[in-house]
Amino acid sequence: MFFNKYQKNCDAFVKKVNSLDFSAHLDKDLPLELADDIYHKAAAVKEIIKRKTGLVLFDSQLRAAYGLYNKKIVELATGEGKTLSAVMAAILFCLDGRKVSVLVFNDYLAKRDGTANSEIFKACGITCGFITAKSDKNERKQAYKSDVLYIAAKEQGFDYLRNSVIYDKDDYLYINFDVCIVDEADSILIDESGVPLVLAGGADSKEDFAVVAHKTVQAFDSGDYDINPGEKQIWLTDSGVKKAETELELDNLYNDRNFAILSALNTALEANFLFEKDKDYIVKDGEIKIIDESTGRVALGRRFPDSLQHAVEVKEGLKSGDTTKIYNTITVQSFLNSYKTLSGMTGTAMTSAKEIWSMYETDTVAVESHVPCIRIDMPDEVFEKKADKENAVIQLIRSEHQKGRPILLGTSSVKESEFYSAALSDIPHAVLNARDDSKEAEIIANAGLPFNLTISTNMAGRGVDIKLGGEDEKYHDKVAQCGGLLVISSGINRSRRIDNQLRGRAGRQGDPGESRFFISLEDENIAPFVEFNSREDLLNSIREAQKVLEGNDAEARYMLRKYSLIIDDQRRVISDILGKLLFLDEPTDFTLRQDKELYDSLCEKHGEQAVQKAEKQLLIYFTVQGFADYLGVMEEVKNGIHLVIVGGKNPLDEFNRMAIANFEEMREYVKTTVLEYMKTAEITENGIDMDAAGLKNGAATWTYMIDESSNQFSRLPYLMKALSHKLKKATGLLDRFDQKIK
């Protein structure tokens, strides 16, 4: 019902826009003064885009722009021109007096789109800017003043976090949370929704349990732990518990005093038996580089949670990175929900429409292509053995390559991509995987050339079209005669949406193309879930297994969201406090309220203005440091919260209870500490010399994203079953473990 009504409105909008001719009225500078309603504005913008680019927007692009302007997530096929739809929507928002952030997938797209579309915006009297990770502070300040800003979602999130650790308002970046248009919306809104963005700095080194834990689990047999690789779950069996207790000289591993040991053992189990080199991560330049499951690329600036990161480094024999102190963190979803208006566009969204609504309360709509898609999507080809599947893929590639047909092969891991690369070494080809993706956009742009074979880990070059015959389409007709781009997948992904993204690389704008998926019953994604009695039953069972995986992943994201809600609320409280301290000129009266006698004495000695400056300096400093310490405590709580199920308690309730208690304790710490420093620190007319007081404000910070896909919150039902019968009543001997480390 909703879609029918929306489509009717879309059609009326398009018809009205196309009936208005502004070409005779717009002068050289193309002012929009004649535009007095949405239809006139859209018609004028359409004309401006035509003059500046030579492109006439399709009706499908107009419908998509209308959807974005009406706060929808729009599904529009690959190659339909989503970029210009976003341009029109952004202009329409700006003409309403609003500011727009266009959040894209990476820095390459931010710079490309911000530069390419600047003349269109300029002709409309609208300023446009872009920010990449290389942009300096002044460039960022200037770009944030723009009416339209192109920036990677994570980069803007990092800027938001950096605002929480500044001590001078001149360093503040004014992020306008008005309108957000998300490009590649499915990836950012769903796949990365639960990814915490982190601002961190150096911290004092902690006692290292990771090395001993690694040695302990290395001696385990397969019967010492239960494992579910498909769901990234692992836990100790009774025999594993006994071995650990014997090796570490503990009476009871699950005693509260042994919490740090148990946490280290669990993390070592994950690092050694769940996470695979060249599948989940690679080792490059002496560092662990995480591979993003949905793209197959190195997830730039991403780390595992701190303890798991260290455990993987120990496993690979690497020198551990610096111990980190988290100053602030926010999930991608929480950051996006900060916007007053949220819309987005992608080639695939409808299969996740319910989840998008539950996360963002935003409807998802599909826009038909301007010409019908004639791509041929062949039925799944299923093989019992993995080797048979691989041979079939190789034979098909050889056969189609001889015809001059361009081929894109999607694989599930670095290891698999390199296997096919070696097997097809006699055919010239490009490999896009996490080891080297520096020329990704260039390779993908020319993947449609005759005889081109591109082997890629999953989705490559998002935001870059594969045009038949190459980037300039010089050999378009020749490739079309061969059947167009052939997309082959060496398996199915955990989500139909990601499969559809891969399929969508072929059949752009009515071009011929074909997709073929090859599946083995030994494939890790589906093997645990497939049950069948006949061939027909098998085919249905495979896709049903994929739906199970989709549901499991959605449930994990839901669980992560539930545990982040209270931290989100507390972070907003801290942000409000810091904002008022930085920008409001009113005195805090902190010392006056806490100790009037001290306040009067300080004012008599140093002057009221100096005392008020000192108060603000200390309140800002200790609020930042106190919240960082609080986040560190809650990270430890998070790592072991599943243990409360043994006492019949609800983990989420206990997490929230502890969060409230620790947050209030942190606030009391800030009050007490500030008052102590007001008594002892040297106050001058400019406040306190923070460096002289040992309170250095210039600590170096860095940003990264935490990969929490294996977080215990998504595994609580399994952990409850695994742990409920394994705990004993005894006293732990943590001191003996400490001695083994020392």
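**Entry 1: a strand pair.** I began with strand β5 (residues 179–183) and strand β13 (residues 341–346), which run parallel and are joined by 5 bridges. Strands here are DSSP runs of E with at least two residues, helices are runs of H or I with at least four residues, and both are numbered from the N terminus. Two strands pair if DSSP finds at least two bridges between them. Within this pair, Val179 stands opposite Thr341 in β13.

**Entry 2: ground rules.** I noted that this is a predicted model, in which local features need pLDDT of at least 70, side-chain atom pairs count only at pLDDT 80 or more, and totals for chains, interfaces and linings use all residues. Residues are numbered from 1 along each chain as its sequence is written, and side-chain values use heavy atoms, with hydrogens and water left out.

**Entry 3: the sheet.** I then looked up the open sheet of 7 strands, whose order is β3-β4-β2-β5-β13-β1-β14 with parallel pairing. Its edges are β3 (128–131) and β14 (364–366); each has a single partner strand, so one side of each has no neighbour in the sheet.

**Entry 4: the whole protein.** I recorded 27 helices and 24 strands. Of the 742 residues, 55% count as buried. Buried means under 20% relative accessible area, exposed over 50%, and partly exposed in between (1.4 Å probe, protein chains only).

**Entry 5: nonpolar cores.** A nonpolar core is a set of buried Ala, Val, Leu, Ile, Met, Phe, Trp, Tyr and Cys residues joined through side-chain atoms within 4.5 Å. The largest one has 83 residues, and Leu336 is one of those with the most contacts inside it. Helix α24 (residues 608–640) gives the largest share of this core, 15 residues. A second, separate core has 49 residues, including Ala86 and Val367. I then listed the contacts of Leu336 (heavy atoms within 4.5 Å). Leaving aside neighbours within four places in sequence, Leu336 is in contact with Leu103, Cys180, Val182, Ile188, Leu189 and Tyr360.

**Entry 6: Ser515.** Ser515 lies in strand β21 (residues 513–520). Its relative accessibility is 0%, so Ser515 counts as buried. Not counting residues up to four places away in sequence, Ser515 touches Arg375, Ile376, Asp377, Met378, Val487 and Arg503.

**Entry 7: cysteines.** I searched the whole structure for disulfides (pairs of cysteine sulfur atoms within 2.5 Å) and found 0. For Cys128, the nearest cysteine sulfur is that of Cys94, 9.2 Å away. Cys128 counts as partly exposed because its relative accessibility is 22%. Cys603 is buried, with a relative accessible area of 17%.
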